Amino acid sequence: MEKVITEKQDLTYLRWSHIRSSSGTAGTFLKSQSVVSGEKIYYKLSKFDSEKGIAGHECVNEIIVDRLLTLLGVEHLEYQLIYADIEVEGKVYDTWLCASKDFKKAGESKAALDNYYQVNKRIDESRYDFCVNNGWQEYIDRMLVVDYLILNRDRHGANVEVLRDARRKTLRIAPLFDHGLSFLCSCQSSDEIMQFDILEDKPCQNFFGSRSTYENLKYVEKKQNVFANVLKEEDKELLLADLETVLSKEHLDKIWDMLWARWCEYEKLWNL
């Protein structure tokens, strides 16, 4: 699948629904869907403001994290970044948006992990222990390290899903998804990019543990790398390929500096 489609597409036929940001940031995130060649495709925009228009860059973050997870060998929802004309409330915008396919298999229903936990937990069973007891420890450990590496601000209990097929009696946890509110998502100017502290432990919404992505690493056993592969300095070109027309070089370089610095700290912690 081509990751970045730079030729402008006409997607003005899509109709968008407003989803309030769960992270406390201003604005909304708009979502849509369509059927292409019999397959359901989901679309989402970066942060939308009725006055500023589409002002965020969360969709670009999704693609970078998508590439990172592929490189590290982590199961995840794959995204496509598309340059397109869209229409919102009667006004046409040219913007970058994300497209993805449905990760549910035929016959599966989904439930947010927070709801599934509330219904099925044992008395005094922690959220982390609940996942371990369901056989999801490796998944959760990888997720916690990923969220530290990218400084994911928005891992609430509905951003992890459980997929159940009642007829086949199967239960699995969904591939990792929704990483837009990460990296420099709060930065809208060159000054903010320049001043952004890439190693700062910013408060983040997290269904597991605390609001600190650093603190949440305590759950992960430090015996070996939780990933199948390692990040290397030469991976910068792969992760940022075809994005120079979407974000400034300053912004992209800062994202890489942040990711690499945090990876180096992770290697120190785990003595890799």
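**Exercise 1. Is W256 buried or exposed, and what is its relative accessible area?**

Some ground rules come first. The model is predicted: local features need pLDDT of at least 70, side-chain atom pairs count only at pLDDT 80 or more, and totals for chains, interfaces and linings use all residues. Residues are numbered from 1 along each chain as its sequence is written, and side-chain values use heavy atoms, with hydrogens and water left out.

Step 1. Set the cut-offs: buried is under 20% relative accessible area, exposed is over 50%, and partly exposed is in between (1.4 Å probe, protein chains only).
Step 2. W256 has a relative accessible area of 6%, so W256 is buried.

**Exercise 2. Classify the ring pair W256 and W260.**

Step 1. A pair of aromatic rings is described by the distance of the centres and the angle of the planes.
Step 2. Rings of Phe, Tyr and Trp (its six-membered ring) pair if their centres lie within 6.5 Å; planes under 30 degrees apart are stacked, over 60 edge-to-face, the rest tilted.
Step 3. The search of the whole structure gives 16 aromatic pairs. For W256 and W260, the centres are 5.8 Å apart and the planes are at 15°, so this pair is stacked.
Step 4. Both residues belong to helix α7 (residues 249-270); they are four residues apart, so about one helical turn separates them. Helices here are DSSP runs (H or I, at least four residues) and strands likewise (E, at least two), numbered from the N terminus.

**Exercise 3. Find what surrounds K254.**

Step 1. Look for a salt bridge (a side-chain nitrogen of Lys or Arg within 4 Å of a carboxyl oxygen of Asp or Glu). K254 is buried and has none; D257, the nearest side chain of opposite charge, is 6.4 Å away. For charge, Lys and Arg count as positive, Asp and Glu as negative; His and the chain ends are not counted.
Step 2. Turn to the backbone. The K254 side chain reaches the backbone oxygen of M194 at 3.2 Å. It reaches the backbone oxygen of F196 at 3.2 Å too.
Step 3. List contacts (heavy atoms within 4.5 Å). Neighbours within four places in sequence aside, K254 touches L184, I193, M194, F196 and I198.

**Exercise 4. Where does S37 lie, and what is its phi?**

Step 1. Most residues other than glycine have a negative phi.
Step 2. S37 has a positive phi, near 55°.
Step 3. S37 lies in the loop between β3 (28-36) and β4 (39-45). At 78% relative accessibility, S37 is exposed.

Methods
Polar contact = N/O pair within 3.5 Å; in protein donor to acceptor, adjacent residues only side chain to side chain.
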